[in-house]
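Please look at the model below before reading the points.

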Amino acid sequence: MKFIADLHLHSKYSRATSKQLDIENLEKWARVKGINLLGTGDFTHPEWIKEIKANLTDNGSGILKTKTGMSFIMQTEVSLIYTDMGKGRRVHNVILAPSIDVAEQITEYFKSKGRVDYDGRPIFKIPCADLVESMMGIDKKIEVIPAHIWTPWFALLGSMSGYNSVKDAFKDQTKNIHALETGLSSDPAMNWRLSQLDDFALVSFSDSHSFWPWRIGREATIFELKQLSYANLIKALRTKDGLTGTIEVDPAYGKYHFDGHRKCNVCLSPKESMKVNNICPNCGKPLTIGVDHRIEELADRKLGFRPKNAKEFRRLIPLSEIISVVMKKGVATKTVWTEFNRLMDHFNDELNVLLDVEEEELKKIVSEKIAQTIIKNREGKINIKPGFDGVYGEAVLEESKPEPVKSEMPKKRQAGLGEFT
């Protein structure tokens with residue numbers, strides 16, 4: 001059985017999230033997206049765990065169900081801020097738990113280190129290795145997954161506060177790290193350039209701060225399991241057997257793909273940054289070094305290398321974004337929603353539209369240009385103006401690649417949707 005999973009989410013109790021981000025809306029919009037397995041997000045928060053208990057039932061397999069059958073697993077994210085090897089570190093980690101009971105034991109551990117009631121993604125001064133050792137002491141079935149590993153400011157390998165290797169961060173506990181989340185600004189092909197990552201499963205999740213379909217499930221991981229259970233899911237993550245691939249956005253879409261300085265509206269490729277010594281040509285301050293540049297620094301393989309037995313992946317821009325750029329209207333406008341809902345009425349869910357529906361069938365429902373652009377998206381032929389320094393990339397329909405230097409800031413998107421990836 002195929003399961004499309006988004007296991008890195010947040011609730012309404014995390015900062016910069018939608019206040020309507022509850023179980024009901026997560027389920028509703030996951031179904032619209034075509035996702036059939038979700039992380040709960042934020043299980044350490046005392047108010048959110050109450051809502052989890054009130055709305056989800058564990059059948060004993062570690063899979064929690066709503067009354068109408070949507071599947072969840074217990075999941076949270078923590079931010080670790082500490083000093084190691086003479087440098088300040090800021091590393092985010094996703095934690096998966098096999099049951100509500102174990103999740104509550106995890107929360108009790110964190111309460112001994114600080115507060116958990118002020119944010120769904122709490123902050124602790126716990127080194128990565130100590131975190132994993134403590135989790136294994138609670139339950140060996142707990143899974144710790146370094147989150148959006150290349151993000152400059154809050155990630156395992158990030159340019160501003162990360163390490164140069166997984167082992168540097170997790171030390172003797174590296175043996176208990178099995179999967180790495182690539183984040184919006186990188187994809188598996190970029191990560192294949194580092195031989196040190198070969199033993200880890202590469203996973204993708206949305207890190208969504210809202211339930212809207214251009215956020216939830218925009219990145220996901222595909223599993224083929226005989227039966228859905230927490231044990232089978234963790235086995236797939238730990239062995240790669242049963243993990244069949246990922247759905248990614250184009251890395252240029254991510255907020256930290258290229259180097260840049262948001263304040264000065266300057267976006268540079270790695271080569272361009274190196275020509276100016278990584279200094280903003282407008283104000284003279286250091287640029288935020290993006291994921292593409294950082295991977296180039298650590299890579300020991302040439303561009304295009306593919307490891308043996310590498311998993312497949314698909315690059316897709318969310319459907320709402322595609323309609324938005326064709327219609328030249330905001331992603332949340334009535335015009336875009338009308339076209340989106342027309343497609344949902346006929347083809348069930350967004351991923352079906354993006355991956356499977358034939359062009360001729362699409363043309364029966366929406367304009368030829370929208371249909372053609374959906375197919376171009378499927379084929380990876382949509383150009384992206386690269387994201388930089390916290391600014392999302394933007395899909396563009398011109399045939400030529402856009403010039404990344406001095407890129408324009410994207411129009412303001414709906415409030416409360418800030419992500420770290």
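A crossing of two helices is called left-handed if the near helix is turned anticlockwise from the far one by less than a right angle, and right-handed if the turn is clockwise. The model described here is predicted. In it, helices H3 and H4 cross in the right-handed sense.

**The pair H3 and H4**

- Helix H3 covers residues 100-111 and helix H4 covers residues 128-138.
- The two helices pack at an angle of about 135 degrees, and their axes lie 10 Å apart.
- That angle makes H3 oblique to H4.
- On the H3 side, the contact is made by Val-102, Gln-105, Ile-106, Tyr-109 and Phe-110.
- On the H4 side, the contact residues are Asp-130, Leu-131, Ser-134, Met-135 and Ile-138.
- Sorted by type, the residues of this contact comprise 7 nonpolar, 2 polar and 1 charged.

**The whole chain**

- The chain contains 14 helices and 17 strands.
- Its radius of gyration is 21 Å, close to the 22 Å that the globule rule gives for 421 residues, so the chain is as compact as a globular protein of that length.
- Taken along the principal axes, the box filled by the C-alpha atoms is roughly 55 × 55 × 45 Å.

**Burial and contacts**

- Of the 421 residues in the chain, 62% count as buried.
- Among contacts between residues at least 6 apart in sequence, 68% join residues at least 24 apart.

How values were computed
Residues numbered from 1 in each chain as written. Predicted model: local features only at pLDDT ≥ 70, side-chain atom pairs only at ≥ 80, totals over all residues. Heavy atoms only, no water. Axes fitted to C-alpha atoms, helices over the stretch in contact; angles between N-to-C directions. Helix = DSSP H or I, 4+ residues; strand = E, 2+ residues; numbered from the N terminus. Parallel < 35°, antiparallel > 145°, perpendicular 65-115°, else oblique. Contact = heavy atoms within 4.5 Å. Nonpolar A, V, L, I, M, F, W, Y, C, P; charged D, E, K, R; others polar. Rg over C-alpha atoms; globule rule 2.2 N^0.38 Å. Buried < 20%, exposed > 50% of the residue type's maximum accessible area, 1.4 Å probe, protein only.
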